[in-house]
Amino acid sequence: MRTVNRLEKVYHSAFRVDFDDQSKFVFFSDTHRGDDGLSDDFGRNKHIYNFALSYYYKKGFTYVEVGDGDELLERPKFEHIRNAHAITFNRLKKFYDDGRFYMLFGNHNIKFADQQKVKDTLYKVYDEYEGKYVDLFPGITVHEALLLVHSSTGQRIFVVHGHQGDLFNDQLAPLTHFGIRFFWRFMHLVGFRYAASPAKSRRKRHKVEKNYTKWNKDHGEIIICGHTHRPRFPRPEEGSYFNTGCCMHPRGITCIELDGGRLSLVAWRVHTKEDGMMYIRKTVLMGPSDIHDYDSGGDRGSDE
């Protein structure tokens with residue numbers, strides 16, 4: 001019941017984005033960009049991720065970051081993250097400058113729920129190389145959720161990080177955040193993972209998926225989440241709860257594409273040719289599936 005109530009509230013306040021069958025969106029979640037140190041799980045995949053960003057920019061996609069883009073619980077000073085991954089943020093900035101960038105906050109960058117903190121942190125950043133403050137995402141608003149609405153059919157796609165209703169990462173978030181910042185941050189360096197994360201607990205992960213799948217089936221709308229780090233791409237008869245996966249897996253990154261009215265689950269991984277040369281390849285794991293094969297949710301009405 002807690003999850004249902006939270007999702008209802010977030011759904012009704014979601015930022016609306018219109019789209020059609022010519023629109024292109026790519027949904028990434030849980031990159032957890034850190035300071036490129038030993039505990040930065042993003043570091044192993046940064047080159048794959050940067051390559052994928054260049055691909056999607058050239059192909060005309062709109063980039064949607066579905067929460068937990070930056071690991072602000074373990075590394076609260078964003079400028080350290082930005083300077084550690086300057087190439088990544090330069091590529092993200094190109095999307096933003098073109099009006100093709102949406103950012104959601106998750107439980108690890110929940111500080112961006114405060115617009116004043118967004119202004120202080122993301123509008124400008126101190127560039128160590130240039131020795132001055134430079135524009136990053138001036139004027140950006142970080143949303144809790146998006147509601148993509150098809151301009152012709154009214155079909156909706158609800159995009160939200162997925163921690164909403166998760167006891168330790170929502171209702172008890174301040175306690176969890178204290179533990180991560182002052183205890184698990186250091187344990188992380190020697191290989192431990194904090195127990196509140198659904199990504200590290202099969203029971204918690206499946207509980208989150210079960211709750212969100214129930215909401216999805218009750219409301220009949222496509223929902224795209226992250227949070228669990230577990231990719232999910234259902235068949236139409238299984239509901240329409242999708243999960244992007246994450247960018248922290250030791251064997252590559254995953255994301256979801258919406259292209260031409262069709263959804264695909266995609267992996268980007270390093271491969272090797274016979275001569276030993278390594279290269280990055282995109283692989284479609286599931287799909288493409290037409291969004292119109294999933295429930296439209298049209299009975300909720302545009303006034304909601």
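This is a predicted model: local features need pLDDT of at least 70, side-chain atom pairs count only at pLDDT 80 or more; totals for chains, interfaces and linings use all residues.
1. The disulfide count for this structure comes to 0. A disulfide is a covalent bond between the sulfur atoms of two cysteines; the cut-off applied here is a sulfur pair within 2.5 Å.

2. For Cys247, the closest cysteine sulfur belongs to Cys246 and lies 6.7 Å away, which is too far for a bond. Cys247 is also buried, its relative accessible area being 0%.

3. Cys255 has its closest cysteine sulfur in Cys247, at 7.5 Å, so this pair too is too far apart for a bond. The relative accessible area of Cys255 is 0%, and the residue is therefore classed as buried.

4. A separate point concerns helix packing. Helix 2, covering residues 46-58, and helix 4, covering residues 86-97, have axes that come within 10 Å and cross at roughly 20°. Because angles under 35 degrees count as roughly parallel, helix 2 and helix 4 are described as roughly parallel to each other. The handedness of the crossing of helix 2 and helix 4 is left-handed.

5. Which residues make the contact between helix 2 and helix 4? From helix 2 come Tyr49, Asn50, Phe51, Leu53, Ser54, Tyr56 and Tyr57. They meet Ile87, Thr88, Arg91, Leu92, Lys94 and Phe95 of helix 4. By class, the residues of this contact are 8 nonpolar, 3 polar and 2 charged.

Notes: Residues are numbered from 1 along each chain as its sequence is written. Side-chain values use heavy atoms; hydrogens and water are left out. Axes are lines fitted to C-alpha atoms, for helices over the stretch in contact, and angles run from 0 to 180 degrees between N-to-C directions. Helices (H or I, at least four residues) and strands (E, at least two) are DSSP runs, numbered from the N terminus. Angles under 35 degrees count as roughly parallel, over 145 as roughly antiparallel, 65 to 115 as roughly perpendicular and the rest as oblique. A crossing is left-handed if the near helix is turned anticlockwise from the far one by less than a right angle, and right-handed if clockwise. Contact means heavy atoms within 4.5 Å. Ala, Val, Leu, Ile, Met, Phe, Trp, Tyr, Cys and Pro count as nonpolar, Asp, Glu, Lys and Arg as charged, and the others, Gly among them, as polar. Buried means under 20% relative accessible area, exposed over 50%, partly exposed in between (1.4 Å probe, protein chains only).
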